[in-house]
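Here's a quick briefing to read alongside the model. Keep the viewer open as you go.

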Amino acid sequence: MKKILKSLGICLGVILINQLLISVGFFIMGVANGAYKSFNDPNQYILIVALIGDLITIILTHLMFSVYDKKLLSKNLLKKVNLNEAIYISLLGIGLSVILLSITGILTKLIPSYMEVQNQLQSASNSFLQIIIVIILIPICEEIIYRYIIFGHLKKNYNIVCAVIVQALIFGVAHGNIVQGIYTFILGIALALIYMYSESLTGSIILHIVFNLMGVVIIPKLVVISPILSYVTVIVGIVCLIYSLFKIMKKYEAVLYK
């Protein structure tokens, strides 16, 4: 019971701090916009607020860990991943983005309110700064928070299947809406498995970056160019998914047969 309470304190504590910081950021932004009309388009600052919240969360968590002489951020945080593994992970990211975007399209028809969130994400592709934030910076921060801190704690203390599912569930719930919650839950499972596969946070960061790049920038632009490209994208995505899973599973098989 004591171990479970400690885990709840660590996992939920980190997320509550993160969500509180982001909420405070949104509140300050809203007050400033209401009082001074500071922002022509407040939506363009949402990702910046989220990034700042993630960064402060990581810093605060690092300081809390330091009290107990545990180094959270160190030079070993991002170990190198060999080129072949990076390619397989990238192909998996392409395949996952295509499949999960297709699922998202179906869910959006059932839950039209998600269109507002989708439009906010798509608007990020209109700004170079926002593209960098959503494709590179936020994935790095989220991997440190969800895979390195939360999943890292869970896999040390619990059954690995339980650890993978719980961290993915936390990752999904933290996104705050049903549609995003569903596909980020599935993505969270893949990210945890790749983290273990590559034995490095770099692996899950690569997957997360490719997923966001495809989902926010590349696939939406391809679909707009021509409806035929939608079918081509799905076919390419399925091929990438099957091929990458085949290559990745070979490493797991090699470990098992040893």
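This is a predicted model: local features need pLDDT of at least 70, side-chain atom pairs count only at pLDDT 80 or more; totals for chains, interfaces and linings use all residues.

Residues are numbered from 1 along each chain as its sequence is written, and side-chain values use heavy atoms, with hydrogens and water left out.

**Helix α6**

- Helix α6 takes in residues 160–173, 14 residues in all, and spans 20 Å from its first C-alpha to its last, close to the 20 Å expected at 1.5 Å a residue. Helices here are DSSP runs of H or I with at least four residues, numbered from the N terminus, and the expected span is 1.5 Å times one less than the number of residues.
- Its buried residues are Ala-163, Val-164, Gln-167, Ala-168, Ile-170, Phe-171 and Gly-172. Buried means under 20% relative accessible area, exposed over 50%, and partly exposed in between, using a 1.4 Å probe and protein chains only.
- An α-helix has 3.6 residues a turn, so residues three or four places apart point the same way.
- Where α6 starts, a side-chain oxygen of Asn-159 comes within 2.8 Å of the backbone nitrogen of Val-161.

**Aromatic pairs**

- Searching the whole structure turns up four aromatic pairs. Rings of Phe, Tyr and Trp (its six-membered ring) pair if their centres lie within 6.5 Å; planes under 30 degrees apart are stacked, over 60 edge-to-face, and the rest tilted.
- One of them is Tyr-88 with Tyr-243, edge-to-face at 6.4 Å centre to centre and 75° between the planes. Tyr-88 sits in helix α3 (residues 83–110) and Tyr-243 in helix α9 (residues 227–257), so this pair ties together parts 155 residues apart in sequence.
- Tyr-88 is buried at 16% relative accessible area, while Tyr-243 is partly exposed at 40%.
- Tyr-146 and Phe-171 have ring centres 4.9 Å apart and planes at 65°, so they too count as edge-to-face. This pair links helix α5 (Tyr-146) to helix α6 (Phe-171), parts 25 residues apart in sequence.
- Both partners are buried: Tyr-146 has 4% relative accessibility and Phe-171 has 0%.
- Phe-171 also has Arg-147 over its face, 4.4 Å from the ring centre. The cut-offs for a charge over a ring are NZ of Lys or CZ of Arg within 6 Å of the ring centre and within 35 degrees of the ring normal.

**His-153 in α5**

- His-153 belongs to helix α5 (residues 128–157) and is buried, at 13% relative accessibility.
- Setting aside neighbours within four places in sequence, His-153 is in contact with Ser-7, Ile-10 and Cys-11, contact meaning heavy atoms within 4.5 Å.

Technical notes: Helices (H or I, at least four residues) and strands (E, at least two) are DSSP runs, numbered from the N terminus. A polar contact is a pair of N or O atoms within 3.5 Å; within protein, one must be able to donate a hydrogen and the other to accept it, and residues adjacent in sequence count only if both atoms are side-chain atoms.
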